[in-house]
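Trainee: I would like to go through this structure term by term. Please set each value against its definition.

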Amino acid sequence: MNLHILVLIPVLTALATLFFKELKQVRMIAFLGSALQLLLSFALLAAFYAERAAGNLAPMLFYSSFQWFPSLGIAYTTGIDGIAMAMILLSAFVVLAGVLVSWKMEKLSREFFFLLMLLSAGAYGFFISLDLFVMFFFLEIAVIPKFLLIGVWGSGRKEYSAMKLALMLMGGSALVFLGLMGIYFNSADIHGQHTFNILELSVRHLPLSAQMLFFPFAFIGFGIFGALFPFHTWVPDGHSSAPTAASMFLAGISMKLGGYGCLRVATYLMPEAAHAYSPYIILLAAIAIIYGAFATMMQTDLKYINAYSSVSHCGFVLLGIGMMNETAITGAVMQMISHGLMTALFFAAIGMIYERTHTRMLAQLGGLLKVMPFISSIFVIAGLCSLGLPGFSGFVAEMTVFMGSWQHVETGYRIATILSCASIVVTAVYILRAAGKSIMGPIVDDHHLHLSDATWNEKLAAIVLLIGIVTIGIAPFWLSDLIGPGVHGLMANIGRTILS
Amino acid sequence: MNLPMNLLLIPLLPFATFLLLGIFGRKYLSPVAGIIGTTSLLVSAILSLQAAYSYFIQHTGEVYTSIVAWKMTWLPFSQDVSIDIGFMLDPISVMMLVVVTVVSLMVHLYSLGYMKGEDRFATYYAFLSLFTFSMLGLVVSVNIFQIYMFWELVGVSSFLLIGFYFDKPSAVAASKKAFIVTRFADLGFLIGILILSYHAHTLDFPTLIQRLTASDSTYLTSAIGSSFLGFSALTWGLVLVFMGGAGKSAIFPLHIWLPDAMEGPTPVSALIHAATMVVAGVFLVARLFPIYAISCPGALELVMWTGAISAMFAAIIACTQTDIKRVLAYSTMSQIGYMMFALGVAGYGGENGLGFTASMFHLFTHAFFKALLFLGAGAVIHMIHSNEMKDMGGLRKSMPITHITFLIACLAIAGIPPFAGFFSKEEILSAAWNANKAIYYIALITAGITAFYMFRLYYNIFWSKEAKHDSHIHDEHSHGEGTLTMKIPLLILSIGAIGAGFIPFGNFVSSDGHHLHLPFEIANAIMPIGVAIAGILMATALYKKENDKSDKIVAALGGIYKGAYHKFYIDEIYLFVTKKILFNLIGRPAAWIDKNIVDGAMNGIASLVMWKANLIKSIQSGKVQDYALYFYIGVFGLAILAIYLVK
Amino acid sequence: METSALSFYLISAFILITGLLTVFTKKLFRAAIWLLSSLIGIAALYFVMEVDFAAAVQIIVYVGGIVVLIIFSIFLTNNEGVSMPAPLSKRKIFSAIAVLCGAGYTVMLLDQHVWMAHSANAYDPSVKKIGYLLVSNSPDSYVLPFEVVSILLLAAMIGAIVIAIKARPEEK
Amino acid sequence: MSGVPLTHIIIVSSLLFFIGAYGFLTRRNLIAMLMSVELMLNSVNINFIAFNKYLFPDNLDGLVYTIFIIAIAAAEAAVAIAIIINLFRNTRSIDAEDADQLKN
């Protein structure tokens, strides 16, 4: 069960979309491609469980490696552990939902679906690769489609936001590359051989001075992808002017690349520096959570509300990573997955509302529950999930992060935990404010009365995401059994800093 | 004992109804939704009664132990700490099972008639079943996080039900307010859980209680050892958990949402805001009672005082309210204050556990007669279509059954002997007498005021003005006294209100599981009965006939009356705090900072680059000679460099 | 001071003065004349240094060819009479500074530098040797550069003609 | 010619070079700039011949170089003047300031 099919299918679907003209064929191909991808990831999950059941406790399963630049030590090595597996599942769900939501994309539909598939190929590649250079390669593949998707199909100040997003992500990847170079050149083994392979690098302990220098580059670089506090300004503009499917991909997958990168590359390979810098990470994460939540309270545009709430929720991911203990990091990974699903659902709902009422301003929306019950209930469910209501994935992830962050050795960090706990109240305020105003309450303008409810493809998209959210929410033990060993493997490296 | 399977059915049946009606309700099942909901609740009620019977009656041995019928690890955090979901049978949880299912069944039956015309009938029953499921889940929880989970679910279902008439902006605002205030209290509850679980290294109730009460346990010393701002971590934990309970049970500082929650349909108020959800806080404190009583009396002291203040405060406001549902809401708040301070005065085990048993007994009886009061008020509102007292009067002839049942409930709550309220309130007063005289006197005065405002309500509805309403009774659209399904619950609950008092509660529920003989001396029963009768007489004098005596008193009281009527302006204070401080002082600057400073920094960098680019651009002036000059300077510089490097 | 040294100094003074005058005169035509005299001065310098062939070539090509060409161009662009506008002050100052410090620095360098002669024997730049160097097929001859320069001259001629040709009909 | 030290000749040629350079940088007229370029080239020729005569008398490389430079200078002058004439034909002026179409 080699992993290359995972990258191959999106790429092939992307190419296939180029050969067809009208929207009908193009969207059908994209749908088939992403559905196949979802089935494949389930098959991979089954194989993963079988492998684990058969007692294969190797950190990375389905390991395979092909020489690419032997002289530089770059090889196309792929392999997955629990965390990568969960990420692949997340991407599969969000991609399928994304394709379904943009069913009526008239404008340049062929290019639209091509770029979507390319973006998903980049994400899959990123999650399965174990070679820092290949990871960077796939990270870059994912950046350009985002720029085009927002620039061409966006709305509002789309050029400004597309440019801003692309520049900041480019800046981020520049920093990441610096970090990678730092790791690469400081990790020569006894006979001077350098390598990009993560497994080997994790065994070679980088000198502390090198770590202290290059960790900030790698962490901030990936942090920019994952909406680290001062560099999050691309998130509100980028998400709100992106078309629905693109903002789902942006928030659902591409912000997770950042979190995953921070965890797998920055913290796993440079644990001592991560431990030394953890106070700053925690501080920034706590600020992001509370600041993001309060800023959301003031927004009047639905998409800005969800974008800012993504900044706040991604703060939990970084808080979990900053706390550097097993429960907190498991919580961080769960938060990545749960936030990916719920923000995709939220954007889908907002997209559907926007398609019908052509306005995202809270002031101009009202009483939609009577007019479109399905979309409104999806909107409310997504809101409740991001609120942290038990029965949905948000609660599971946030509670794990809180429990983990409370176990931190130093009691000084309790303030950060209490601050982030306080965010659940502020989140409740802005979610209810948004839901109360747009869904409940009297109808604001009467031509909303004859709007249609969700079509079959939108319903399917919502149900796909709902299945993800509810399965994690109702029975989270399968997710923590999947992620647990993966995080335990990471802790072998990260743990040693706390002991020493 | 009975199989875990049919125990599990009790919460799962309402959940199944919720899913069924939630997904398919709107289109296919709406006419028959009521029947489905009621039957599933009926089965669930029978099962819980059967469980109670087998747990209490067929019980062998001296002590009621807590039996964990079923447990499953839901979310493992680390080796020993994990959230598990389970079903625990314990005297208080079985009692609560009975209360919740019976009252919920009554409300389901009642709503068949009350909500007949509604277009979202199926969704109403879906939300009602969701509420019942989460309440049952909360009651039988085996893990402190499980109680938190169902706590949140109860909060959301109350949000959904209060905001049921969502096209009324006031209902939407009330539901938002309820959810946010309870959510704020849940924040305290969450942090309390984190503190307790950090020190006790477990989330499981039995082990938590055992570890934090055993005098020699290292966990207890570590919890008391580490302190913060003067109080030990254990005190912080327990106070914060109580804060969670206070939010949900509308205790004094966090009560502002209860009166507004009356925007929901009346059966909802009967179920949620009378019998079940509001007592969740009392149940939570009761569940952790051993820790409160043994390890941290300070926290118990706080519980006692807040309970007493809340009781007195609510009773005073209740006397001034004109909307009958708000009167009942404040009376609920006052009775819950009773239960809280009853727990507060109690100690652990043996005789001084009387407060605990009295509180649980009062909770049991209060559920019946308060639900009865609300349903009765619902019937009146259903007929008059208005909540205000001034539109009512002289309804005793047109609504005989509601009148009698309402009277029974008023007598019960006032604490007149044969009715249930007397027994439970008398136990509370005797417990308070043994423990703390000041609390006893506050309780006594509150009992008097309770009797007064209940009978003020009673007379205003059924007596005082005669003539005005004849026209109302005969016009066709009024439903008269409501259908049969509305009358049956009233009758059953009134039987409960009368009979519940005679149940020997002592040998079922007690702080340490042992049988407790409830002392019943006439001596200390005289005082409460006397005060109650005085209250009733005062109310009859003022309100039986339509007269202006009450208006003269209002004029006399002046400022105090106006203050009480406006709920002592606490709402306005809270609004000011949230509006001014949270929105303007923190929210607006946060959004502004983000837009200008952080975003500005990014745009600043961009404009900086643009400015530099312009600077460079001017060098390409197109003049050949400029280029020649730059070229010359370049060559000259390189020459110098080469010379020095070579030398 | 032998006569040749004296004549060297005289000629070099002459060259420098005429050079300055070419650069500073207002009238374009007069500048061309000063350039002519300066080039003749340089040819005289070669004579003084006994490199007769170079002097001859200088006179034939430079004086005879290039200066005449320049004078032709002045007449073609018919501004022989007009006096050139003064250069922009900003540019004049900058270039003056640059040139002066460049000259000063070079002169300063030349003073300290000691030249090392590589061989002491006499220097006879006879035409036979030049001819041998230019066109013989011995390994150290310059026959290849010679051919390349001839091609370059050819190309230059063609180029000049193409550029300066009267505008073709279709261009009008 | 023996009395004249090499340095003096080189000083003369570099002065001539810098005069040419100054002329090239400041003259407003393209032809004047061309003349200054001729001056600079001649100063280079002086250098070559002087070095050849004083430092490497036994071979004639310097002299051959000078001859080539003169040839190339001729070609360069021809092309330059062709351009100037063409420029004159288009813009009626051969002032260096106006010829700035390549401005950004």
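Mentor: Start with contact: two residues are in contact if their C-beta atoms, placed from the backbone, lie within 7 Å. This is a predicted model, in which local features need pLDDT of at least 70 and side-chain atom pairs count only at pLDDT 80 or more, while totals for chains, interfaces and linings use all residues. Residues are numbered from 1 along each chain as its sequence is written, and chains are lettered from A and ligands numbered from 1 in the order in which they are written.

Trainee: How many residues of chain D are in contact with chain C?

Mentor: 61 residues of chain D contact 74 residues of chain C. On the chain D side, α1 (6-26), α2 (30-54) and α3 (61-91) each give two or more residues. Helices here are DSSP runs of H or I with at least four residues, strands are E runs of at least two, and both are numbered from the N terminus. The largest share, 21 residues, is from α3(D).

Trainee: What makes a residue on that side nonpolar, polar or charged?

Mentor: Ala, Val, Leu, Ile, Met, Phe, Trp, Tyr, Cys and Pro are nonpolar; Asp, Glu, Lys and Arg are charged; the others, Gly among them, are polar. The side of chain D that touches chain C has 45 nonpolar, 10 polar and six charged residues.

Trainee: Which chains have the most contacts between them?

Mentor: Chains C and D, among the four pairs that touch. Chains A and C do not touch, with their nearest C-alpha atoms 40 Å apart. No contact joins chains A and D either; their closest C-alpha atoms are 24 Å apart.

Trainee: Why is A:Met324 called buried?

Mentor: A residue is buried if 20 or more other C-beta atoms lie within 10 Å of its own, exposed if 12 or fewer, and partly exposed in between, with C-beta atoms placed from the backbone. A:Met324 has 23 C-beta neighbours inside 10 Å, so it counts as buried. A:Met324 sits in the loop between α12 (302-323) and α13 (326-357) of chain A. Its phi is positive, about 55°, although A:Met324 is not a glycine.

Trainee: Is B:Ala250 buried or exposed?

Mentor: Buried, because B:Ala250 has 29 other C-beta atoms within 10 Å. B:Ala250 lies in the loop between α9 (233-248) and α10 (257-260) of chain B. Phi is positive there too, near 50°.

Trainee: What makes β1(A) and β2(A) a pair?

Mentor: Two strands pair if DSSP finds at least two bridges between them. β1 (residues 61-69) and β2 (residues 74-80) of chain A have six, in the antiparallel sense. One bridge joins A:Gln67 to A:Ala75. The hairpin has four residues between its strands, and A:Gly73 takes a positive phi near 80°. β2(A) is mostly covered, with six of its seven residues buried.

Trainee: How do you know that the span of α16(A) is close to the expected one?

Mentor: The expected span is 1.5 Å times one less than the number of residues. α16(A), residues 393-406, has 14 residues and reaches 20 Å from first C-alpha to last, close to the 20 Å expected. Of those 14 residues, 14 are buried.

Trainee: Which residues have the most contacts inside the largest nonpolar core?

Mentor: A nonpolar core is a set of buried Ala, Val, Leu, Ile, Met, Phe, Trp, Tyr and Cys residues joined through C-beta atoms within 7 Å. The largest has 429 residues, and those with the most contacts inside it are A:Ala97, A:Leu345, A:Ala348, A:Leu465 and B:Ala371. Helix α16 (residues 354-384) of chain B gives the largest share, 20 residues.
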